[in-house]
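Hello,

Here is the structure for you to look over.

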Amino acid sequence: SREGGLAAGLAIAATPLFAVLTRTTRMDALFAACVTASQAALFAGWQRPAASRWVVLGLGLAALACLVKGPFGLALPLATSLAYLAWVGRLRRVLCRDVALGAALAVLLVGGWLAAVVHVAGWDYLKVVLGDQVLRRALNAVHHREVFWFYMPLVPLVALPWTLMLVTWRPRRTGPGLWARAR
């Protein structure tokens with residue numbers, strides 16, 4: 001809903017870490033914008049029972065996110081889409097024509113980039129970019145010597161003051177009907 005989108009935007013804007021990070025231009029901002037736009041387009045597409053241009057757009061935006069910062073640009077929207085479709089019991093929706101068109105667009109975009117890199121710089125360069133810059137940095141980064149779950153306890157602190165609201169929030173209605181309404 002529009003109100004939900006506005007509330008989410010205001011919540012992010014009121015988070016102190018957001019204000020700190022907006023002072024610098026980062027590739028992460030473009031990545032987050034592409035992933036968010038991809039997920040929004042995919043969500044709009046999943047609301048339709050059959051083929052939709054929104055799904056093609058969403059998968060194309062996921063491919064652009066992949067070009068910005070690596071394979072997680074595709075992985076995040078795909079994972080959330082599959083989880084959502086499984087949640088609402090419509091996983092067969094991925095068998096529609098729009099998903100095939102969107103997948104073809106994503107393969108064309110990412111594959112075109114890969115082909116251009118190999119043509120211009122060679123396989124060794126691609127190995128360095130994908131191996132050292134993407135995989136090693138994601139799994140064994142120098143600046144992340146902590147264990148993989150190190151940041152999990154920090155997320156509630158970074159999300160202040162909204163974490164306090166979630167902790168104190170009590171829905172008006174609870175019980176078995178809550179689960180059904182959530183679906």
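Helices here are DSSP runs (H or I, at least four residues), numbered from the N terminus; strands are runs of E, at least two. This is a predicted model: local features need pLDDT of at least 70, side-chain atom pairs count only at pLDDT 80 or more, and totals for chains, interfaces and linings use all residues. Residues are numbered from 1 along each chain as its sequence is written, and side-chain values use heavy atoms, with hydrogens and water left out.

**The pocket**

A pocket is an open set of points on a 1 Å grid over the protein atoms alone, where a 1.4 Å probe fits, with protein on both sides within 12 Å along at least five of seven lines; lining residues have an atom within 4 Å of a point. The second largest pocket holds about 920 Å³ of space, the volume filled by probe spheres set on the points, which are joined across faces, edges and corners. Its lining has 26 residues, and Ile 12, Ala 32, Val 35, Thr 36 and Gln 39 are the closest to its centre. α1 (2-13), α2 (16-21), α3 (27-46) and α5 (72-87) each give at least two lining residues. α3 gives the largest share, 10 residues.

**The helix pair**

α3 and α5 pack at about 30°, axes 10 Å apart. Axes are lines fitted to C-alpha atoms, for helices over the stretch in contact (heavy atoms within 4.5 Å), and angles run from 0 to 180 degrees between N-to-C directions. The two helices, α3 and α5, are therefore roughly parallel (angles under 35 degrees).

Best wishes

Technical notes
Parallel < 35°, antiparallel > 145°, perpendicular 65-115°, else oblique.
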